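The exercises below go through one protein model, each with a task and a worked solution. Keep the sequence and the structure in view while reading.

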Amino acid sequence: MGFQPQIAFVDDDDDLRNANRQTLELAGFSVIPFADAMSALRFLTPEFAGVVVSDVRMPHVDGLEFFRRLRAMDADLPVILITGHGDIEMAVEAMQEGAYDFIAKPYPAERLVQSIRRAADKRQLVMENRQLRQFMEASDETVPLIGQTPVMQNLRKTLRHVANADVDVLIAGETGSGKDVAAGLLHEWSRRRQGNFVALNCGALPESVIESELFGHEAGAFTGAQNKRIGRIEHASGGTLFLDEIESMPLATQVKLLRVLEMREITPLGTNEHRPVDLRVVAAAKVDLGSAEQRANFREDLFYRLNVVTVSIPPLRERKEDIPLLFTHFLHRAAIRFKTEPQEIDTAMRARLMDHDWPGNVRELAHFAERVALGLDELAGEQTAPPTGMLNLPEAMERHEARLIREALTGNNGDVRTTIEALGIPRKTFYDKLQRHGIDRADYVKGKSPPDQI
């Protein structure tokens, strides 16, 4: 974990409270001790990003009542109850109501530490999902260049600063990184936003067509030119011309574009008339035009003319902290589009999102979110496990037991009574096995999707 989890530890026994505090601090936790439940209740809020550990036997407000009040405040707050021998029935009742775990005295310190670590991981995921939902509710479909990493915050500041400078801009970035979004923002945040934003992908048009598209033509200028046509450059006068994949522009067209940039005038095909244009050009390239090798057939003088200001968009692999936020945005957008129920990111999905390098960047992530929303992507429901032959017998038995428990929980919608009847094991054994395998029964309650099984 990349942060120090906070633990609210509640116990009216001073010696036990202090001893557990020392143990947990040595394990890397930040401990906030409380001598009674009421003191803890005054401190804890739904924004508490940690775990609550409480003794069951306490005066005035016991552990079960304390848990119920916490659950009413925040049903997702993990609560671990520490019980004496005579309190196990009460603890089991709390587990049925949603307590995260109970630990019977006496217990080894590592048992408590392991339970807290799992609960803290779950709480971190809950808090992240809440932050993502809050961001989504505070934003709309036009959220520009989503990201909270410093590099994205600086990128947005740069674009706002450059937008009103009215200079030509070169945007560098890999395929799918959002160069078109950045170009659109340069227009929307500029004084030219009342004019046209005209986009042309230089790599999508054949050489025989691109000049006519850019500069326009008069009727009869060439075979098939029956009518006069206003070119993209002239149409963008007063606004912004966006040239995507400019590295693909033919050399002959580059020469003419250079003249347009220098003179701010065009000469349509089939006429000698020079027409002035009030133009701002934003060009985008997926290669480094400053490198002679990558520039290839792109004119050096055109590069320097365009390179008044260069804005670089980082690839997704260099800002991975933004991936959950982006994925949630695209998943909610896809859910609305396909009329499906939006999902939250669970531990397995988060690991997959963060482990992948996303060579297609934001565009690839958006397509993946659409497949997940439709339930079509193999990663969304993939069950991966090493071949049994690679495991020793105890490991294979543990994996098989965990799978049987998950299947029983799924088949019984997380109901404890019917699940333990199906498994044929005592209630306490059932809870011990849930703890050992890291299975959260609440994930299987009817109305929630079961988590990926690893």
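Does Ala 369 count as buried or exposed?

**Solution.** The relative accessibility of Ala 369 is 0%, so Ala 369 counts as buried. Buried means under 20% relative accessible area, exposed over 50%, and partly exposed in between, with a 1.4 Å probe and protein chains only. Ala 369 is found in helix H15 (residues 361–374). Helices (H or I, at least four residues) and strands (E, at least two) are DSSP runs numbered from the N terminus. Leaving out residues up to four places away in sequence, Ala 369 touches Phe 327, Phe 330, Leu 331 and Ala 334. Contact means heavy atoms within 4.5 Å. Leu 326 is 43 residues from Ala 369 along the chain, and their C-alpha atoms are separated by 9.4 Å.

This is a predicted model, in which local features need pLDDT of at least 70 and side-chain atom pairs count only at pLDDT 80 or more, while totals for chains, interfaces and linings use all residues. Residues are numbered from 1 along each chain as its sequence is written, and side-chain values use heavy atoms, with hydrogens and water left out.

**Exercise 1.** Describe the sheet that contains strand S4.

**Solution.** Start with the order: five strands form an open sheet, S2-S1-S3-S4-S5, with parallel pairing. Two strands pair if DSSP finds at least two bridges between them. Next, find the edges: strand S2 (30–34) and strand S5 (101–104) each pair on one side only. From one strand to the next, the twist averages 20 degrees.

Then take the pairs inside the sheet. Strand S1 (residues 6–10) and strand S3 (residues 51–55) pair in the parallel sense over four bridges, and Ala 8 has Val 52 as its bridge partner in S3. Helix H1 (residues 14–26) packs on the sheet by touching S1 and S2, and its direction makes about 170 degrees with that of S2. Helix H3 (residues 63–73) touches S1, S3 and strand S4 (79–83), at about 155 degrees to the direction of S3. Axes are lines fitted to C-alpha atoms, for helices over the stretch in contact, and angles run from 0 to 180 degrees between N-to-C directions.

S3 and S4 also run parallel, joined by four bridges, and Ser 54 stands opposite Leu 81 in S4. Finally, look at how S4 is covered: five of its five residues are buried. Val 79, Leu 81 and Thr 83 lie on one side, with Ile 80 and Ile 82 on the other. In a regular strand the side chains alternate between the two faces of the sheet.

**Exercise 2.** Which strands stand at the edges of the sheet that contains S7 and S12, and why is one side of each without a neighbour?

**Solution.** The open sheet has five strands in the order S7-S8-S11-S6-S12, with parallel pairing. Strand S7 (197–201) and strand S12 (309–312) are at the edges and have a single partner strand each, so one side of each has no neighbour in the sheet. The twist averages 20 degrees from one strand to the next. Strand S6 (residues 169–172) and S12 run parallel and are joined by four bridges. One of the paired residues is Val 169, whose bridge partner in S12 is Val 309. Helix H7 (residues 179–188) packs on this sheet, touching S6, S7, strand S8 (240–244) and strand S11 (280–285), and its direction makes about 155 degrees with that of S6.

**Exercise 3.** Work out how helices H18 and H19 pack.

**Solution.** Helix H18 (residues 416–423) and helix H19 (residues 427–437) have axes 10 Å apart and an angle of about 95 degrees. The two helices are therefore roughly perpendicular to each other, a term for angles of 65 to 115 degrees. H18 contributes Val 416, Thr 419, Ile 420 and Leu 423 to the contact, and H19 contributes Arg 427, Phe 430 and Tyr 431.

Definitions and conventions:
Parallel < 35°, antiparallel > 145°, perpendicular 65-115°, else oblique.
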